[in-house]
Amino acid sequence: MTAGAKYKRVLLKLSGEALMGNQGYGIDHKVVIAIAQEIKEAIALGVEVAVVIGGGNIFRGLEASAKGMERASADYMGMLATVLNALALQNALEKEGVITRVQSAIEMRELAEPYIRRRAIRHLEKNRVVIFAAGIGNPYFTTDTAAALRAIEIGAGVILKATKVNGVYSDDPMKNPKAKKFDNLTYIDILKKRLKVMDATAISLCMDNKLPIIVFNLRKRGNIKRALKGERIGTIVK
């Protein structure tokens, strides 16, 4: 780690929606390339980077369940969507010259390594980006929970939660211009106020393990690097 970085190892949590840009569905390759370039800049700082991506740009298990699909089946389909996104990001990173490994919680040897904690840590120590796909491999858990769990397992110093807005607000700032932005929050604040940062299971995991979360706007170029350098952006949860 260089003197310019505050953290040695981080976990970047991306929503599936982040990959579709302004499209209504799927993957916008220009957006994926831009994210890959920002991760490359983080690696250049000497930071070890792991990534968890959602699958909402392709399939949302909760929505399908609400429409009558059996919940476990819907969640497994959502897990497979995260694998598609992980492979897309891996491809973009490797085009940028960043060695990348995808580890899947559901075994699929032709596409990804199985998730093995010690192997993931070794990859990170060798400056490889590790993308964790398929959630935690079980239905009824979100990719937020997967991000919190994997971050704790690999000893990450912080979760970087990338969103469409520049932090956590009291209401949706896209719909309510009077929504208040929070610069600092505690885990208990989020649980009590039911703020939509991460689900309650993920927040509880972070709270129990004293793992901070930085919520920031992914669409502003350079924000990942700013967060790694310790600059005040977005909302800090600790």
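Arg 150 is buried, with a relative accessible area of 4%. In this predicted model, Arg 150 pairs with Glu 153 in a salt bridge, and the closest N and O atoms are 2.8 Å apart. The salt bridge count comes to 13.

**Within helix α6**

- Arg 150 and Glu 153 both belong to helix α6, which covers residues 143-154.
- They sit 3 residues apart in that helix, so about one helical turn separates them.
- Glu 153 is partly exposed, at 23% relative accessibility.
- Arg 150 falls under the 20% cut-off for buried, because its relative accessible area is 4%.

**Lys 8 and Glu 48**

- Lys 8 and Glu 48 form a salt bridge, with 3.0 Å between the closest N and O atoms.
- Lys 8 lies in the segment before β1 (9-14), while Glu 48 is in strand β2 (residues 48-53).
- The pair therefore ties together parts that are 40 residues apart in sequence.
- Lys 8 counts as partly exposed, with 45% relative accessibility.
- Glu 48 is buried, at a relative accessible area of 7%.
- A network of salt bridges links Lys 8, Arg 9 and Glu 48.

**Glu 41 and Arg 221**

- The side chains of Glu 41 and Arg 221 meet in a salt bridge, at 3.4 Å from N to O.
- This pair links distant parts of the chain, 180 residues apart.
- Glu 41 is in helix α2 (residues 29-44).
- Arg 221 is in the loop between β10 (213-217) and α9 (223-228).
- Glu 41 is partly exposed, with a relative accessible area of 27%.
- Arg 221 is also partly exposed, with a relative accessible area of 42%.

**Ser 104**

- Ser 104 is located in strand β3, which spans residues 100-104.
- Leaving aside neighbours within four places in sequence, Ser 104 is in contact with Ala 112, Glu 113, Pro 114 and Tyr 115, among others.
- Its contacts also include Val 83, Ala 133 and Ala 134.

Methods: Residues numbered from 1 in each chain as written. Predicted model: local features only at pLDDT ≥ 70, side-chain atom pairs only at ≥ 80, totals over all residues. Heavy atoms only, no water. Helix = DSSP H or I, 4+ residues; strand = E, 2+ residues; numbered from the N terminus. Contact = heavy atoms within 4.5 Å. Salt bridge = Lys/Arg side-chain N within 4 Å of Asp/Glu carboxyl O. Buried < 20%, exposed > 50% of the residue type's maximum accessible area, 1.4 Å probe, protein only.
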